[in-house]
Amino acid sequence: MRVICTAPCAMASLPRSGTRRELCLWPGLRQLCLRKNLLYGFMRFLYLPFKTIHGVSRSFRVSHFCSFSMLSSSLQIEMIPCLGDNYAYLLHDVDTGTVGVVDPSEALPVIDALSRRNINLTYILNTHHHSDHTGGNMELKEIYGAKVIGCSIDRDRIPGIDIVLNDGDKWMFAGHEVLVMETPGHTRGHVSFYFPGSRAIFTGDTLFSLSCGKLFEGTPEQMLSSLEKIMSLPDDTSIYCGHEYTLSNSKFALSIEPSNRALQSYASQVAHLRNKGLPTIPTTLKKEKLCNPFLRTSNREIRESLDIPATATDAEALGVIRQAKDNF
């Protein structure tokens, strides 16, 4: 189930768990939470002028909505717009009160969401080390005592990292299994977090809707391997990526595969959503297989559009497509 609501405070109307007391993990937490709330209010007073001047977390026309999904019977996700076009994702297990945030590029929007729902932060999950995905780590860790989780390869590049994970590791978020998938290409230490019980994956900057990440530290072969890992998941998997790039991605995709009817239809939907200031995320793996040129490297029309030889490997084709996208 996915709900788009028109008021930021609408989250307050969601059903609340009957086990809110489980948030009190040690004596005196009530007093600690009170001190944190006071600290939060003081911080908002200090930050307000800067937030008003810069407007960084509200600059791409998504401030008027909140996006809420029920991933399973007890796991909720809230999309949090950050910076110019980033998305962070707040995870809340309502049975245990466990809360996580994926890729907090800045702290204040996350603090806003936590305060609005009157919940504490337990974990920070980073897909990779770039500052537009980790910029809020230290401030959130200082305020809430949250544990920072990331790839062992990036242990020296992710701020405040506490828990290091590797490809194939299975980690538990409350009662929900999380499969860690190394997905390098954009960076060498990139991971994606897959929740198999909820059919949801957080792909950071590896897979976007209708595109993939730039190859800053990796090769086309690495990116292809990463995308193939993701493509092996069930078609109904929901994809939560790190940026709202879909409109521009759709224009490039149509330029190299103009006869793709599924892509034409999806591009129209994307334009409609963005004209209303609404998100295009999450997408689904099935939709991306039908429309995303980076998952369609053997497609004849795409290859002919970019003069990619029929004898070229899929990795070579991906490299050409990526270069064409970079120059689009």
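E182 stands opposite V191 in strand β11. The pairing involved is that of β10 (residues 176-182) with β11 (residues 191-195), which is antiparallel and has four bridges. Strands count as paired if DSSP finds at least two bridges between them. The strands and helices named here are DSSP runs, numbered from the N terminus: at least two residues of E for a strand, at least four of H or I for a helix.

This is a predicted model, in which local features need pLDDT of at least 70 and side-chain atom pairs pLDDT 80 or more, while totals for chains, interfaces and linings use all residues. Residues are numbered from 1 along each chain as its sequence is written, and side-chain values use heavy atoms, without hydrogens and water.

**The sheet**

β10 and β11 belong to an open sheet of six strands. The order is β9-β10-β11-β12-β15-β16, and the pairing is mixed. β9 (170-173) and β16 are the edge strands, each pairing on one side only.

Further along the order, β12 and β15 run parallel. Their residue ranges are 200-204 for β12 and 238-241 for β15, and four bridges join them. A200 stands opposite S238 in β15. β15 also pairs with β16 (residues 283-284), this time in the antiparallel sense, over two bridges. Here I239 stands opposite T283 of β16.

Helix α5 (residues 220-231) lies across β10, β11 and β12. α5 runs at about 155 degrees to β10. Such angles, from 0 to 180 degrees, are taken between N-to-C directions; axes are lines fitted to C-alpha atoms, for helices over the stretch in contact.

**Backbone points to check**

What is the form of the peptide bond from I281 to P282? The bond is cis, with omega near 5 degrees. P282 sits in the loop between α7 (261-275) and β16.

Two non-glycine residues have a positive phi: D103, at about 55 degrees, and L210, at about 70 degrees. D103 belongs to the loop between β5 (99-102) and α2 (108-117). L210 is found in the loop between β13 (207-208) and β14 (211-212).

**Burial and cysteines**

Buried means under 20% relative accessible area, exposed means over 50%, and partly exposed lies in between (1.4 Å probe, protein chains only).

| Residue | Relative accessible area | Class |
|---|---|---|
| D103 | 3% | buried |
| L210 | 0% | buried |
| C151 | 1% | buried |
| C212 | 1% | buried |

How many disulfides does the model have? The count is zero. A disulfide here is a pair of cysteine sulfur atoms within 2.5 Å.

**A helix pair**

Two packed helices are described by the angle between their axes and the distance between the axes. α6 (residues 246-256) and α10 (residues 314-326) pack at about 125 degrees, with axes 11 Å apart. α6 is therefore oblique to α10. Angles under 35 degrees count as roughly parallel, over 145 as roughly antiparallel, 65 to 115 as roughly perpendicular, and the rest as oblique.

The crossing of α6 and α10 is right-handed. On the α6 side, N249, F252 and I256 make the contact. Contact means heavy atoms within 4.5 Å.

Conventions: A crossing is left-handed if the near helix is turned anticlockwise from the far one by less than a right angle, and right-handed if clockwise.
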